[in-house]
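Please view the sequence and the model together while reading the points below.

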Amino acid sequence: MTDRYEQSMMDNLYWWGIPTLFRCPNQGPEGQDIALVGVPHSAGNGTTERDQHLGPRALRHVSAVQRRVHSVFEIDPWNCAKIADVGDVPFPRANDNEDCIERITAFYKNIDAAGARPVSIGGDHSITGGIVQALGRGKLAGGEPVSFLHLDAHTDVFTKVDHFLGAKKSAAHWGAYLADQGQVDPTRSMQIGLRGHPRSLDWLQPSYDYGYNIVTMREFRQRGLEDVVAQTKEVLGDRPVYITFDLDCLDPTVAPAVSNLEPGEKGFDIDEAVGILRAARGLNIVGGDVVCMMPTKDSPNNITALTAAAVMFEMISMIAENAS
């Protein structure tokens with residue numbers, strides 16, 4: 001029989017025990033404040049970089065070594081809130097992106113009905129579309145469209161063609177079709193850190209046309225963290241907030257194992273990204289996701305997976321603080 005100190009030491013070993021997200025119990029969302037979800041989906045990226053579906057397994061592998069308390073918030077999120085790993089969204093037709101998106105929506109409608117706020121690990125960025133199809137105007141959002149706090153190198157508001165290499169509700173389209181559906185209010189949403197891969201000089205125009213509040217990486221460097229955080233707090237205000245964090249917003253030296261790497265202009269360091277995330281502290285966060293990790297490209301020390309887990313920990317802690 002181990003005492004609680006010995007048990008705590010064992011729980012911090014990533015190679016021991018049954019791997020659930022952050023050592024949380026594996027059970028359904030009923031009665032939970034927070035539901036941790038794996039979304040092992042890659043067919044929405046539309047490219048050959050399909051290993052993003054391995055992200056949830058990689059997170060379960062390393063999340064045991066994450067912090068158990070938040071020293072800045074001075075809370076133990078695992079004791080402040082009821083948190084469970086509710087498992088992975090099942091994808092029996094994993095290569096059919098449109099089928100997968102609808103299965104994601106159905107899965108998250110059950111979570112929303114249970115009143116648990118989901119924090120998810122993907123998976124490519126198309127998963128956000130499926131999730132917010134369930135949460136937008138749902139129970140957690142009080143029947144209102146959500147506001148995005150969106151950190152990314154790319155806009156994902158792709159309206160020039162109606163699909164991305166065959167995927168319609170793709171990783172490049174969700175920012176547009178969710179707005180068209182009325183699930184998100186772009187005028188009360190932030191897109192921060194945009195820097196990447198323009199094929200034309202008007203690459204930001206679709207986001208502007210929808211009314212998203214944009215802060216490019218170049219503008220962030222000019223304005224600084226405090227100014228951008230102040231704008232973010234003002235824009236999000238009292239809205240139901242959904243956080244979506246694409247790991248490619250980080251500099252490749254911080255998170256090398258992501259799809260669609262954007263070298264050539266420095267991305268966020270981890271302190272900057274966490275500083276922006278904390279702009280949502282105290283707000284009505286209905287859920288969040290971390291996407292686009294490619295575990296097969298990670299360093300031997302799993303640095304990208306560990307960084308992704310640290311980002312999830314921030315989301316979990318902000319929601320748990322509100323629950324307490």
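Rings of Phe, Tyr and Trp (its six-membered ring) pair if their centres lie within 6.5 Å, and planes under 30 degrees apart count as stacked, over 60 as edge-to-face and the rest as tilted. By this rule, Phe22, Trp78 and Phe313 form one aromatic cluster. The model is predicted, so local features need pLDDT of at least 70 and side-chain atom pairs count only at pLDDT 80 or more, while totals for chains, interfaces and linings use all residues. Residues are numbered from 1 along each chain as its sequence is written, and side-chain values use heavy atoms, with hydrogens and water left out.

- The structure holds six aromatic pairs. One of them joins Phe148 and Trp174 edge-to-face, at 5.2 Å centre to centre and with 80° between the planes.
- Phe148 belongs to strand E4 (residues 147-151) and Trp174 to helix H6 (residues 174-181), so the pair ties together parts that are 26 residues apart in sequence. Helices (H or I, at least four residues) and strands (E, at least two) are DSSP runs, numbered from the N terminus.
- Phe148 counts as buried at 1% relative accessibility, and Trp174 is buried at 0%. Buried means under 20% relative accessible area, exposed over 50%, and partly exposed in between (1.4 Å probe, protein chains only).
- The charged end of Lys169 sits over the ring of Tyr177, 5.1 Å from its centre. A charge sits over a ring if NZ of Lys or CZ of Arg is within 6 Å of the ring centre and within 35 degrees of the ring normal.

**Strand E8 and its partners**

- Seven of the eight residues of strand E8 (residues 284-291) are buried, so this strand is largely enclosed by the rest of the structure.
- Strand E3 (residues 117-122) runs parallel to E8 and is joined to it by three bridges; Val119 has Gly288 as its bridge partner in E8. Two strands pair if DSSP finds at least two bridges between them.
- Strand E7 (residues 240-246) also runs parallel to E8, with seven bridges joining the two. The bridge partner of Val241 in E8 is Ile285.

**The second largest pocket**

- The second largest pocket holds about 340 Å³ of space. On a 1 Å grid over the protein atoms alone, a pocket is an open set of points where a 1.4 Å probe fits, with protein on both sides within 12 Å along at least five of seven lines; lining residues have an atom within 4 Å of a point. Grid points are joined across faces, edges and corners, and a volume is the space filled by probe spheres set on the points.
- Of its 15 lining residues, the closest to the centre are Asp11, Arg68, Asp76, Trp78 and Asn79.
- Helix H1 (4-11) and helix H3 (77-80) each supply at least two residues of this lining.

**Backbone features**

- Most residues other than glycine have a negative phi, and most peptide bonds are trans.
- The peptide bond from Gly122 to Gly123 is cis, with omega near 15°. Gly123 lies in the loop between E3 and helix H5 (127-135).
- Asp156 has a positive phi of about 55° although it is not a glycine. Asp156 is placed in the loop between E4 and H6 and is buried at 9% relative accessibility.
- Asn260, likewise not a glycine, has a positive phi near 55°. Asn260 is in the loop between E7 and helix H10 (270-277) and is partly exposed, with a relative accessible area of 32%.
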